[in-house]
Amino acid sequence: MTSVRTDRAGVPVTRSRPALLTFMGGVGTVTGSKFLVESDHARVLVDCGLFQGLADLRRRNWRGLLCDAADIHTVVVTHTHLDHCGYLPRLVRHGFRGRVVTTEFTARLMEIVLRDSAKLQTETAQHANEHGWSKHRPAQPLYDDSDVDRTLKLLDPVPTGTPVDIAAGTELTLHPAGHILGSAWARLTLEDGHTLAVSGDLGRPGHPLLRPPEPFSGADVLLMESTYGNRRHEEETGRSRFADVLARTLARGGTVVIPAFALDRTEVVLHELAALRQEGGIPASVPVYVDSPMALAALDVYRAPVLRSVPDGSCPFVRDAVGWT
């Protein structure tokens, strides 16, 4: 990727060509985010997500990548939802041995998420073999716990707001994204001087637990995910409807079952329930059960920034600790 020209004296002058951006997921669909950035001396993959959803999408996880996994120098992970990090153990199984650069809390949540994913992959393969519903004989998991073990050894947490070298001629700065704990948007400075910003998933300013996304600070190219770009979220209306459903159901002696994602959504629901108790919206005697080991493990990570001593009394990801229980 290097062009060679000569000056007036005939001496070769080397100039870097612009980096190449290849979409290997997160395009044509909202899942499987993988964005390969190739410059003269480095290949950096921003996010490494699983394709999820319909069978046609899931089958894409079994296809080969557009490049050799061993040729990728660094993977940058914006956050720990599976559609952004869940392909990592598969990448490692196929030879990736570089750094996985992310934030501290993303690294901590990633172990929970990837181990759960490996367990599901293994159980699905076992079920297929026992009941014969797979065309593969035998059915194999996309990856297993040993692949996760190797993946976790490659994690390299870095602080937000601080430029770090992640590959030859490539500098990364992570900025809080306010989506889930540890989520960040990434700004790459390439060897030719150009900059690329990748949004990952951005949160909204009204998140009850997390600080809002850090404002975009400029780049030559902005790669923006916009799955919910055409949605309008009515926070107060939603909160009021939630409280009304709880009150009506409890008043007639009913039980409320709330399906919730283990990462962030469960923590937000628990926060809202605690607020309703304090305000008298629901009786303090009403028990609350969380039937998800994964969600409880994630909750421990969410509580960590509040429970530990932070030098300046703050954390770049969570709101002030006032009101946390």
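Colleague: Two strands pair if DSSP finds at least two bridges between them, and DSSP runs give us helices (H or I, at least four residues) and strands (E, at least two), numbered from the N terminus. With that settled, which residue in S4 is the bridge partner of Leu 20?

Modeller: Keep in mind that this is a predicted model, where local features need pLDDT of at least 70, side-chain atom pairs count only at pLDDT 80 or more, and totals for chains, interfaces and linings use all residues. Residues are numbered from 1 along each chain as its sequence is written, and side-chain values use heavy atoms, without hydrogens or water. S3 and S4 run antiparallel, joined by four bridges. In one of them, the partner of Leu 20 is Glu 38.

Colleague: And on the S5 side, which residue is the bridge partner of Lys 34?

Modeller: S4 and S5 make a hairpin, with four residues between them. They're antiparallel and share five bridges, S5 covering residues 43-48. Over in S5, Lys 34 has as its partner Cys 48.

Colleague: How many residues of S4 are buried?

Modeller: Let's say what buried is: under 20% relative accessible area, with exposed over 50% and partly exposed in between (1.4 Å probe, protein chains only). Lys 34, Leu 36 and Glu 38 point one way and Phe 35 and Val 37 the other, and all are buried. The count for S4 is therefore five of five.

Colleague: What kind of aromatic pair do Phe 23 and Phe 35 form?

Modeller: Rings of Phe, Tyr and Trp (its six-membered ring) pair if their centres lie within 6.5 Å; planes under 30 degrees apart are stacked, over 60 edge-to-face, and the rest tilted. There are three such pairs in the structure. In this one the centres are 5.8 Å apart and the planes are at 85°, making it edge-to-face.

Colleague: How far apart in sequence are the parts that this pair ties together?

Modeller: Phe 35, at 2% relative accessibility, is buried, while Phe 23 is partly exposed at 39%. Phe 23 sits in S3 (residues 20-23) and Phe 35 in S4 (residues 34-38), so the parts tied together are separated in sequence by twelve residues.

Colleague: Then what about Trp 185 and Phe 216: which kind of pair is that?

Modeller: Trp 185 is buried, at 4%, and Phe 216 is partly exposed, at 45%. Their ring centres are 5.8 Å apart and the planes are at 55°, so the pair is tilted.
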